Amino acid sequence: MAYSRKTYESQVWGNGVKHLKDVHGRMAHFIGGNFADYNLSSVLWTHRIDDRKHVNVSVWSAPGHSKPPFSEAINQKYKPTQKGDDFGPAWTNHWFKISLNIPKEWDHYERISFEFDCSGEGLIYTPDGLVLHGLTGGADPGMRRAEYIIPPEARKRGTLDLVIESSCNEMFGQSRDELGKSDPNRRYKLVTADLVVPNMEAHKLMYDFKALWELTQIIPSDSPLSRKAEWTANEIMNVFDANDLSTLAKGRRIAQQVLGEGWEKQIAKESENAKEQNGTVWALGHCHIDTAWLWPFSVTQQKSARSWSAQLDIMDRYPELHFSVTQAQQYEWLEELYPDLFERIKEKVKTGQFQPVGCTWVEMDTNMASGEALCRQFLYGQRYFESRFGFRSGTCVLPDTFGFNAQMPQIIRLAGAQDFFTIKLAWNAINPYVNSTYNWVGLDGSQVLSHIAPDNNYGARADFTSIKASMTGHKNLDVTDQAIYLYGNGDGGGGPQDLMMESLRRARAVGKSSDAGGQFPLVKMGGSFGEFFDAVRAQTQNGATLPNWKGEQYLELHRGCYTSHGIIKKGNRKSELHLQQAEYAATMASFADKSYKYPFEVIDRAWKDTLLCQFHDVLPGSGIAMIYDDAQAKYERIAKDLNEVIAKAYKVLYAASTSDLASVKRISEDSLFAVNTLPGQARQEVIAVPCGPNSALASVVSQYNRATETGYVVVKSDEQNIADIRAVTLDKKVRSSVFATQTGVDVFELNNETLKVTIKDGRLTSLYDTVSERELIPHGQTGGFVIMEDLPNDYDAWEVESFHLQKQRHLKFEDVRILENGPVRTTLGGSIYLDKTQIEVEISLDGVNATSSSDSRGMVRFKAFIDWKQAHQFLKFELPVDIRSDNATYDIQFGTIQRATHRNTGWEQARFEVCAHKFGDLSEYGYGVAIINDSKYGYAVDGNVMRLSLLRSPKNPDPACDMHKHEINWAIYPHVGTFAESDVTQAANAFNAPLSLRSMTSDSASIHTLVSGTPITIQGARNVFLETIKRGEQDRDGKSDSIIVRLYEKLGGQGRSTLVVDPSLNVEKAELVNILEDNLENLEHVQSSKNGGATEIPLQFRPYEIKTVRLTLGPSSNVRGGARKDTSIQADGWIEL
């Protein structure tokens, strides 16, 4: 009917009214809810049957918590089961055999599905063991994925047999109470095992209606789009009749008034070549799977297979879906455990629909992982992607990591990537993050183009609210309107769902309409992270018009993670250092003896396990107990394997010697030596060795403690004759003035030639530098243990709030006593009794200073033995110092960072707990004090009070977090000069890598010429440090010989240095490479007449720069022949003192 002036009625009888607000309530009841039997939900399913004639189910339950492979499970004896039966307990796995008989009369329906829900997660196989599809059970309709579409060949045949592995865990592990406890005996019910026929027209109308309803919620009510969406949705409800299915098509036609005439065919056609779509919101499918969190590593292996297999099905039906997945570790698990699925994924990688991204082995914590470990995250991640898929990732993707250190931009660039993505910084609790798209600039000036998803989510559900937030939440719309939108259920939820894909198609249709008018963005499908960043570069003159963020990206949240689960922090630090020591020893041994083979496989396994345990819910301590049992087992294996690597290498380098001093029957001063694992650093320190009264060591040690059967020797190394793994001389004749005295009731003093320490009334009351004649503790203030109430607002294991500082109690040492009293070490003992917790503390001062520097001072060492049984309390060590500075210096990856000691702004107030590695330092002109540790990461400097965080006691998600015995080591190190002028770095490095004592076991004992001197060292710049020496990746095929040397500038200034290489290593070529060991440039190298023919390679460093040098070696008769230098008692290599 044509409408015109001629047909306009001259009179009217009815009352035309404008919709009242109650229409909104009506819309809310059109799907589901109390009226589900009458509204659209009542017609969503045409048929549903579950009788044994059509659905036959049997089950086999795997024993215990075992996770048998398909090949084992399929051959077990199955027994009949049915809907309503339950299975358990928690974390067990159950296998179901399904036989389906499909009614012939269903042939004409568009879709037939099998719906299976055992209240947990599952994976469908064919009877031959091919992975088909993942399942996510449970009550949440937004997360539930319980349908498997019956393929055409099975419909034609009329039968289908399936095998389903079902696990007794929810998507988020096990339900937990407020105290973090879960029921280990929980049962999981088989809720659904049905053949169903969905009414596809009704489902499509549901998607239409949801789009209209959501538009009315997010678009201002005074806009044409909002009003039209409301009117259209109401008309659909008026037309709908549950008893007349023809009204479904009528409702869909009405929806086109907003979605556009013929929109469905148009969008479907566009989707076939989605890469060509324009738009500003880049919708990328994603499934963020925590490698461990509320479930162990083994469950993640299952989650990956379930989620990724589900995506292969959706990709076939929705070609616009481009699905991005991070973490090379999860790909490797899939390759090992589900090889057929992995091969199918590789095919989708070739089409661009399945997109490996992220560069790294896991989505690691970047606060506590060492600089070298971060390099290996990228090395192992990128190497895996390139070896399996033929390319590397150009974007570092860490959506959920808890803050980012200031060296990350440089490391990312050195790993061959240019872009960075996260959303986590949007979680800041105090200061909203200021940018969405920006250049992140690191300590050395390196930059990466960075983006924080404006909708603040990495698992959006493709709802219109979050899609719109990608526009309205964008903080840099002045220069770019491009935004990434990650959608899909993570953590085992399977990624994008049909509902999400349908929603995004409708969102694109709305965005294309003229009524959108800047109120709703245009969604773009079919892109990638790399293409998104290219689009940003095109809009922003290659980033020139974007703001810069310099330095660390501190997350104002999850600060408790620097301390929770202390044993994991300790395992991480020890493993990182152990790996570097093993690599160095093995590298030298491989060139000292041709028959020694560098143990690539063992070292790879140790690195991969270390990197795995750096995942951002493992190392931070925010997971359940099961993952820490797994991590601890991995750390124990790492230590065992690396001890074996080092022992084999030392058999080559230090023939006829042993570290098992108790096994040596005859020991003299001249048969003992220590191994220095810090390349290029002179050493002097006291070494404690087990020494019973009848031990061969008894006549050699400089000091003997009968109570503990411990002996002490003093070891020094000469700067001119320093070696990396070599003998350093034993000095028994040291003249020491270290002693302890009790000067009054509850007053004790420790003294050496540089320091005097006073403990009075159970507190540290004086720290006096006798050389500088300076008191370091202000009058009226004391140092020692402090305990604070720790009741965070949310996320128990993650959080510590600022108000914990307001409720604290100073703890006092009781039963203070002298344990040792020189001549090389003096020690006080003290006890602290705290509720059910007992703390035994040893405070020591040595007769030698912390380093070989001429103005070095003594180091006050603390060793605490803690049987921790507290609840919601935070234990710290604090030290007030008479030093005034606006900034403190903290050790971080490949450098240092300064943070404010004042709280002038909200940004500074938010940093009441910060992360550091080996030390935190507070200095003013002429003097400073550092607190050094060997396994802790939480620090704070509040005005003049320095704090080291020791232990927390959260109860969720692990009620037993840190409830065990701990041994914790830290030290106070006063020093002359500012931090940059001091030897704090050297002292901290030595504290973390103590010398290890060895004894020759025969007169034929020898030290190989390669390590009797200094094979590789850095000269000419005290601010440049040598971090790593290892074999080159190119040597894996055995066709080349190379050494990788990683160095960095530590103090924040330029450095002109020379890398000096022993002539026996015969350097043929020197190259500057990145951390993936790609050539960047060839380096000049010359043979020096001053250094005995050593190879010299000049290197220029900018502040905080990381450099990696590859030395390619030629044949060398001096090394390959295994030539040795005798180091018997009269050897020239020993120093007489």
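**View 1. Helix α10 spans residues 339-351 and reaches 19 Å from its first C-alpha to its last.** That is close to the 18 Å expected for its 13 residues at 1.5 Å a residue (the expected span being 1.5 Å times one less than the number of residues). Helices here are DSSP runs of H or I with at least four residues, strands are E runs of at least two, and both are numbered from the N terminus. This is a predicted model, where local features need pLDDT of at least 70 and side-chain atom pairs count only at pLDDT 80 or more, while totals for chains, interfaces and linings use all residues. Residues are numbered from 1 along each chain as its sequence is written, and side-chain values use heavy atoms, leaving out hydrogens and water.

**View 2. Now for the buried side of α10: L341, F342, I345, K348 and V349.** They sit on the same side of α10 because they cover an arc of only 115° around the axis (taken from the directions from the helix axis to the C-beta atoms). Buried means under 20% relative accessible area, exposed over 50%, and partly exposed in between, with a 1.4 Å probe and protein chains only. These buried residues pack against β8, α8, α9, β15 and α11, with contact meaning heavy atoms within 4.5 Å.

**View 3. Helices α4 (200-218) and α5 (224-239) pack at about 140°, with their axes 8 Å apart.** Axes are lines fitted to C-alpha atoms, for helices over the stretch in contact, and angles run from 0 to 180 degrees between N-to-C directions. From α4, the contact includes L205, F209 and L212, and from α5, residues including L225, A229 and I236. The contact residues divide into nine nonpolar, three polar and one charged. Here Ala, Val, Leu, Ile, Met, Phe, Trp, Tyr, Cys and Pro count as nonpolar, Asp, Glu, Lys and Arg as charged, and the others, Gly among them, as polar.

**View 4. Here are two cis peptide bonds: G88 to P89 and N956 to P957.** Omega is about 0° between G88 and P89, and P89 is in the loop between β4 and β5. For N956 and P957, omega is about 15°; P957 lies in the loop between β47 and β48.

View 5. Most residues other than glycine have a negative phi. H565 is in the loop between β22 and α16 and is buried, at 5% relative accessible area. D761 is in the loop between β31 and β32 and counts as partly exposed, at 42%.
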